[in-house]
Amino acid sequence: MKNQIKYNLLAVVASLVWASAFPAAKVGFEYLPPIFLSGVRFMFAGIILAPFLIGRKVEWSVFKDQWQYLLFFAFFQTFLQYWLFYAGLIIVPAAVGAIIVGLGPIFVTILAHFFLGQRDRLSMRKVFAMVFGFAGVIFISVSTSEMTTVKPFFYWGVIALVLSCLVGCITNIIIARRPIQLDHIALNSVSCFVGGVMLLVTALFTEQQEIALIKPLPPAFYVAMIWLSGIPALGFSIWYFLLSRPNISVSEINIIKFLIPVFGVILSWLIVKGESFNIQTVIGTVIIAAAIIIIQLPTKNKVTK
């Protein structure tokens, strides 16, 4: 029971860390194009994690033995997922994007049912939790974002966001099904750095005009960039640790991700000028809290290890 509480708290911390990207990204995007910014932040995230490997018992031979696995995560978890995410977000309204991203815990729950066997079967409790959680995400997203006029290629943007969401969910299942022998921080460091380089190279071809217009950057940008780089460094390290735990329920731990838009809105209220409190977000938060309470109701198969 103590371990279950610890894992849940770590999942909440990871969600809070990821949510903090919303206000920081609003600052960063004022100065750098999205894919270029994403590449820089992930590359530096990998560098930030490197010193932490010195004091850890990392089997360095695993780098050589499992380089294909590391390259796979760098390409899919970092490069492809975030390239698709920004490609879609440029096209669709913010509210639509947030709702689609909110599908993540639902996709994970369905995939876990089919690929993790008895370890993570679908149940009515999980269905109710998903319904409540997704309803809360929709409530918050629609109440805090303007549904602007649909842009050209809108449906291509929707497809890109759905694919981005699916890619992230599939890598969750892969880690849970076949945990890598490499230390979770080492995995994250390599994945962030190599994936960040891939994003930077892509940006040089797709965002040439925007990159050419980059001007001297103010101190506020560097503060935002340091924090943006720390987010994947900390967030994914926690998440890889959770997914590698024995008998962890991937679907249940992912339900807690419904908190990300809640934290994102709250942090925006506190940090970003012009963001204001509204009762709709409070209602959405209550609905999401109900989802998390439902998923934590005692069952015979709760995690004990």
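**Note on the helix packing in this chain**

1. The axes of α14 and helix α15 (residues 279–295) come within 9 Å and cross at roughly 145 degrees. Axes here are lines fitted to C-alpha atoms, for helices over the stretch in contact, and angles run from 0 to 180 degrees between N-to-C directions. The crossing of these two, α14 and α15, is left-handed. Left-handed means that the near helix is turned anticlockwise from the far one by less than a right angle; right-handed means clockwise. From α14, Leu-259, Val-262, Val-265 and Trp-269 meet Thr-281, Thr-285, Ile-288 and Ile-292 of α15. Contact means heavy atoms within 4.5 Å.

2. A word on the source. This is a predicted model, in which local features need pLDDT of at least 70 and side-chain atom pairs count only at pLDDT 80 or more, while totals for chains, interfaces and linings use all residues. Residues are numbered from 1 along each chain as its sequence is written, and side-chain values use heavy atoms, with hydrogens and water left out.

3. Now the whole chain. It has 15 helices and zero strands. Both are DSSP runs, numbered from the N terminus: helices are H or I with at least four residues, strands are E with at least two. Of the 305 residues, 51% count as buried. Buried means under 20% relative accessible area, exposed over 50%, and partly exposed in between (1.4 Å probe, protein chains only). Take contacts between residues at least 6 apart in sequence: 92% join residues at least 24 apart.

4. Helix α14 (residues 259–271) has another partner. Helix α2 (residues 21–28) packs against α14 at an angle of about 55 degrees, with the axes 7 Å apart. That makes α2 oblique to α14. Angles under 35 degrees count as roughly parallel, over 145 as roughly antiparallel, 65 to 115 as roughly perpendicular and the rest as oblique. On the α2 side, Phe-22, Pro-23 and Lys-26 make the contact; on the α14 side, Ile-260, Gly-264, Leu-267, Ser-268 and Ile-271 do.

5. Look next at helix α3 (residues 34–49). Its 16 residues, at 1.5 Å a residue, should span 22 Å, and its end C-alpha atoms are 23 Å apart, which agrees. The expected span is 1.5 Å times one less than the number of residues. Is α3 enclosed or open? In α3, 13 of the 16 residues are buried, so the helix is largely enclosed by the rest of the structure.

6. The axes of α3 and α5 come within 10 Å and cross at roughly 150 degrees. That makes α3 roughly antiparallel to α5. Their crossing is right-handed. Pro-34, Ile-35, Ser-38, Arg-41 and Phe-42 of α3 meet Thr-78, Tyr-82, Trp-83 and Tyr-86 of α5.

7. Thr-78 sits in helix α5 (residues 67–89). Thr-78 is buried, with a relative accessible area of 2%. Leaving out residues up to four places away in sequence, Thr-78 touches several others, including Phe-42, Ser-191 and Leu-199.

8. Val-201 lies in helix α10 (residues 184–206). At 42% relative accessibility, Val-201 counts as partly exposed. Val-201 and Gly-39 are 162 residues apart in sequence, yet 8.3 Å apart in space, C-alpha to C-alpha.

9. Phe-134 belongs to helix α8 (residues 124–144). With 18% relative accessibility, Phe-134 counts as buried. Its neighbours beyond four places in sequence are Ile-99, Gly-102, Leu-103, Ile-106 and Phe-258.
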